[in-house]
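Welcome! Take a look at the sequence and the model, then read on.

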Amino acid sequence: MSTETTDSKPLRGRICLVAGATRGAGRAIAVQLGTAGATVYVTGRTTREKVSEVGRTTETIEETAELVTAAGGEGVAVPTDHLEPDRVAALIDRIDRERGRLDVLVNDIWGGEHLVVAGFGRKIWEVDLADGLRMLELGVKSHLITSAAATPLLTRNPGGLLVEVTDGTQEYNATRYRENVYYDLAKNAPIRMAFGLARELEPSGGTAVALTPGWLRSEQMLDHFGVTEENWRDAAEKLPDFAVAESPVYVGRAVAALAADPDRARWNGRSLSSGQLAEEYGFTDADGSRPDAWGFIVAKETDEDVSVDDYR
């Protein structure tokens with residue numbers, strides 16, 4: 001189904017909150033919502049004055065807000081640690097006071113990649129317990145705190161959209177171990193949260209979904225491979241499967257398409273991927289391609305000779 005419209009700003013007048021919008025998928029989602037005309041509150045822990053435990057000073061929430069505004073929306077940066085209920089409550093109170101409504105909530109809070117690297121492929125007794133529990137705080141507890149605080153405002157008007165951003169679809173994760181007990185839990189929990197929240201939002205006409213990007217070319221991933229968005233294909237020369245990677249723009253366009261779809265309730269409670277929604281809504285990645293990373297990953301499990309080109 002296509003949501004093409006003559007209005008180049010289909011989300012004009014919509015109020016959105018992207019929780020965890022400092023970089024990566026969260027930043028791109030915020031910018032794409034702004035491109036569609038929305039007002040977007042963006043949160044995170046790294047500002048121009050203070051850096052979070054992620055340790056990157058190169059991306060800040062102020063910059064994200066500026067990108068939203070430059071894209072055609074209105075970006076509002078609010079420094080927030082989503083593990084602090086009082087701070088989250090104050091954020092929602094501010095949105096209510098300034099706008100009186102909330103139409104879209106995106107829970108993209110994470111910031112635990114440095115913990116995953118330390119624990120990847122290790123058994124539970126080999127992982128520092130504090131690191132493991134921190135993953136669950138960042139990827140699960142923060143989402144619950146934010147949803148509990150924001151849903152009263154989100155459900156005040158019919159048609160609210162709640163997006164739980166995670167890693168992996170329900171179908172993929174159900175039969176595959178994500179290499180670390182804590183990470184596995186942290187990325188499966190948002191899928192189940194979306195399922196439950198869908199039931200709770202449905203009476204007010206709201207929709208909740210889980211959404212995963214594919215192999216994401218985030219700022220951290222590009223740095224890991226020593227490439228930029230301009231020459232990222234150089235990394236595929238060393239690791240051919242990286243050719244199926246997608247830019248953060250792709251999942252950003254997925255959320256914008258969902259938000260602009262008046263019939264999105266058909267997705268309620270579902271686990272979705274950026275590639276799946278690209279096929280449904282007709283959008284592409286920034287380079288005009290339409291990658292299906294999860295399709296490729298599954299296909300390669302049974303056919304080592306599968307071509308990336310068939311999934312791009």
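Predicted model: local features only at pLDDT ≥ 70, side-chain atom pairs only at ≥ 80, totals over all residues.

A residue is called buried when its relative accessible area is under 20%.

- Seven strands make up an open sheet with parallel pairing, and their order is 3-2-1-4-5-6-7.
- Strand 3 and strand 7 are the edge strands, each pairing on one side only.
- From one strand to the next, the twist averages 20°.

**Strand 5 and its partners**

- Strand 5 spans residues 161–165, and because 5 of its 5 residues are buried, the strand is largely enclosed by the rest of the structure.
- Towards strand 4 (residues 104–107), strand 5 pairs in the parallel sense over 4 bridges.
- Val163 of strand 5 is the bridge partner of Val106.
- Strand 5 also runs parallel to strand 6, and 5 bridges join the two.
- Here Val163 has Val209 of strand 6 as its bridge partner.

**Other strand pairs**

- Strand 1 (residues 15–19) runs parallel to strand 4, to which it is joined by 4 bridges.
- Leu17 stands opposite Leu105 of strand 4.
- Strand 2 (residues 39–44) pairs with strand 3 (residues 74–79) in the parallel sense, over 6 bridges.
- Gly44 has its bridge partner in strand 3, namely Pro79.
- Between strand 2 and strand 3 the chain passes through helix 2 (residues 61–70), and this β-α-β crossover is right-handed.

**Helices lying on the sheet**

- Helix 1 (residues 24–35) lies across strand 1, strand 2, strand 4 and strand 5, and runs at about 170° to strand 1.
- Helix 7 (residues 181–201) packs on the sheet as well, where it touches strand 5, strand 6 and strand 7.
- The direction of helix 7 makes about 165° with that of strand 6.

- Which residues of helix 11 (residues 274–281) are buried? They are Ser274, Gly275, Leu277, Ala278 and Tyr281.
- These residues sit on the same side of helix 11, because they cover an arc of only 165° around the axis.
- In general, an α-helix has 3.6 residues a turn, so residues three or four places apart point the same way.
- The buried residues of helix 11 pack against strand 6 (207–212), helix 10 (248–260) and strand 7 (271–273).
- Just after helix 11 comes Gly282, with a positive phi of about 85°.
- In helix 12 (residues 293–302), the buried residues include Ala293, Trp294, Phe296 and Ala299.
- Among the elements covering the buried residues of helix 12 are helix 6 (170–174), strand 6 and strand 7.

**Nonpolar cores**

- In soluble globular proteins, nonpolar side chains tend to be buried together.
- The largest nonpolar core in this model has 38 residues, and Leu33, Val40 and Leu277 have the most contacts inside it.
- Helix 10 gives the most to this core, with 9 residues.
- Leaving aside neighbours within four places in sequence, Leu33 is in contact with Leu11, Cys16, Val18, Ala38, Val40, Val255, Ala256 and Ala259.
- A second, separate core has 18 residues, including Ile95, Leu154, Leu197 and Ala208.

**Two residues to look up**

- Where does Arg23 lie? Arg23 is in the loop between strand 1 and helix 1.
- Is Arg23 buried or exposed? Arg23 counts as buried because its relative accessibility is 13%, under the 20% cut-off.
- Not counting residues up to four places away in sequence, Arg23 touches Thr46, Val54, Arg56, Glu59, Glu219 and Gln220.
- Gly196 lies in helix 7 and is partly exposed, with a relative accessible area of 29%.
- Gly196 is 123 residues from Gly73 in sequence, and the two are 31 Å apart in space, C-alpha to C-alpha.

Methods
Residues numbered from 1 in each chain as written. Heavy atoms only, no water. Buried < 20%, exposed > 50% of the residue type's maximum accessible area, 1.4 Å probe, protein only. Arc of directions from axis to C-beta. Contact = heavy atoms within 4.5 Å. Pairing = 2+ DSSP bridges. Right-handed = clockwise from strand over helix to strand, strands pointing away. Axes fitted to C-alpha atoms, helices over the stretch in contact; angles between N-to-C directions. Core = buried A, V, L, I, M, F, W, Y, C linked by side-chain atoms within 4.5 Å.
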